[in-house]
Amino acid sequence: MKITRVEAIPARIKREEAYLGGLPEGAGRGDYFLRPPYRALYSAYFETVFVKISMADGDIGWGEALAPVAPEVVQQIIEQLLAPALIGRSPLDVNVLWNVMYDLMRERGYYGGFMLDAISACDVALWDLCGKILGQPAHQLLGGAFRERIPCYVSGLPRPTAAERVELAQSYTEQGFGAFKLAAGHGIRADAESVGALRDALGAETTLLLDAHWVYALDEAVQLGNALADLGLGFFEAPINPEDVESHAQLAAAVAVPIAHGETERTRYQFRPWLMQKAADILQPDVGRAGISEVFKIAALAETFNVKMAPHLSVGLGICIAATIQVAAAIPNLYLLEYQPPVFEIANALLESPLICQDGCYEIPTGPGLGVALDEDRLRQMQA
Ligand code: MG
């Protein structure tokens with residue numbers, strides 16, 4: 001029961017519609033670009049990196065890192081640093097192997113960022129293999145499912161006007177979805193008005209969430225947070241720069257709306273100060289950056305602080321989504337999972353059998369491991 005091969009496969013797939021709206025003029029030639037007022041680099045493509053771990057007996061485990069920009073960086077870490085540590089080992093040692101991988105560069109200070117993205121992709125593939133070896137879905141190996149389906153929110157509403165966002169949200173409510181997150185950060189008044197328009201149109205029962213993409217200072221975030229509390233917001237995500245735990249703690253103490261944070265963090269060590277300082281009410285690790293192992297442990301840590309989990313799912317494709325559903329099933333303190341319809345469609349196009357999200361919930365795959373597999377021929381066809 002030994003690992004014989006570890007391959008990293010970077011992917012670059014054409015995208016029609018982006019989470020934050022259409023692509024700017026000139027994007028789409030393989031270059032990266034900015035989307036003001038946001039400061040992060042974006043790709044004109046869906047970019048990711050898959051990991052394929054093979055066993056001597058022919059079993060294959062699939063993993064994926066969240067790698068929306070420069071997936072080749074993660075590929076190099078996997079192939080040069082992690083693969084030699086995994087070959088010859090048993091996937092059933094998944095927890096030991098996480099620590100082996102983590103220790104490789106720990107003393108050099110590489111316990112976050114791209115290094116952890118690479119570890120996470122391998123961790124997901126190891127859980128997939130554990131499931132295949134033992135004939136059980138990953139959530140069963142984590143101790144079982146707390147729920148039959150995974151409730152989710154529609155994320156983004158990428159339309160330029162309030163009226164169009166309302167119309168888009170209403171098309172989802174007709175399909176049974178009752179929770180929506182706005183990609184915002186356009187100023188206090190504009191953000192409050194955007195949420196207000198949705199609240200007026202969709203009524204008091206609909207769950208509304210807001211992602212501010214780290215654009216606000218503390219005083220602005222307090223003002224907006226108070227307005228959002230009046231609108232009955234479910235959470236206020238990424239209000240302030242992500243390193244600033246102290247300001248988030250002050251914000252969380254000042255406003256009634258729950259503060260959500262976490263897509264930038266990757267390990268339980270990184271989340272610990274957020275819990276200790278009561279800087280977040282909801283944690284949002286991404287399985288493509290924290291793996292199944294760490295997300296499960298972060299959830300356990302959060303539970304002891306009465307903090308809920310809303311795992312982040314942005315442009316991670318089918319392996320990442322399936323892994324997130326598996327771990328979300330197995331944690332007691334789940335709030336909601338993220339759902340991005342345009343990404344989900346591309347993700348499913350690359351899987352041998354599709355994931356299902358309907359009536360506001362993800363179905364939990366029941367096959368062994370992640371319960372899904374990558375269609376490698378299809379991936380080759382769809383590569384840009
Ligand atoms: Mg976000």
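Does Asp281 count as buried, exposed or partly exposed, and at what relative accessibility? Asp281 counts as partly exposed because its relative accessibility is 32%; the class lies between buried (under 20% relative accessible area) and exposed (over 50%), with a 1.4 Å probe and protein chains only.

## Basis of the model

This is a predicted model, in which local features need pLDDT of at least 70 and side-chain atom pairs count only at pLDDT 80 or more, while totals for chains, interfaces and linings use all residues. Residues are numbered from 1 along each chain as its sequence is written, and side-chain values use heavy atoms, with hydrogens and water left out.

## Surroundings of Asp281

Asp281 is placed in the loop between helix 9 and strand 11 (282-283); helices (H or I, at least four residues) and strands (E, at least two) are DSSP runs, numbered from the N terminus. Leaving aside residues up to four places away in sequence, Asp281 touches Ala252, Val257, Pro258, Ile259, Val307 and Lys308, where contact means heavy atoms within 4.5 Å.

Ala252 is 29 residues from Asp281 along the chain, and their C-alpha atoms are separated by 7.7 Å. A polar atom of the Asp281 side chain lies 2.7 Å from the backbone nitrogen of Ile259.

## Magnesium site

Asp211 (OD), Glu237 (OE) and Glu263 (OE) are the protein donors of the magnesium ion, at 2.1 to 2.3 Å. Donors are N, O and S atoms within 2.8 Å of the metal (3.2 Å for Na, K and Ca); water is not among the atoms, so sites may look incomplete.

Along the chain, the donors follow the spacing D-x25-E-x25-E. Asp211 belongs to strand 8 (residues 207-211) and Glu263 to the loop between strand 10 (259-261) and helix 9 (268-276), so the pair ties together parts that are 52 residues apart in sequence. Both Asp211 and Glu263 are buried.

## Domain interface

The chain is divided into domain 1 (3-137) and domain 2 (140-370), with bounds from an automatic or database domain assignment. Their C-alpha centres lie 21 Å apart, and 43 residues of domain 1 are in contact with 54 residues of domain 2. The buried area between them is about 3700 Å², with 63% given by carbon and sulfur atoms; this is the accessible area (1.4 Å probe) that two parts lose on being put together, summed over both.

One salt bridge is found across the interface, the term denoting a side-chain nitrogen of Lys or Arg within 4 Å of a carboxyl oxygen of Asp or Glu.

Methods. A polar contact is a pair of N or O atoms within 3.5 Å; within protein, one must be able to donate a hydrogen and the other to accept it, and residues adjacent in sequence count only if both atoms are side-chain atoms.
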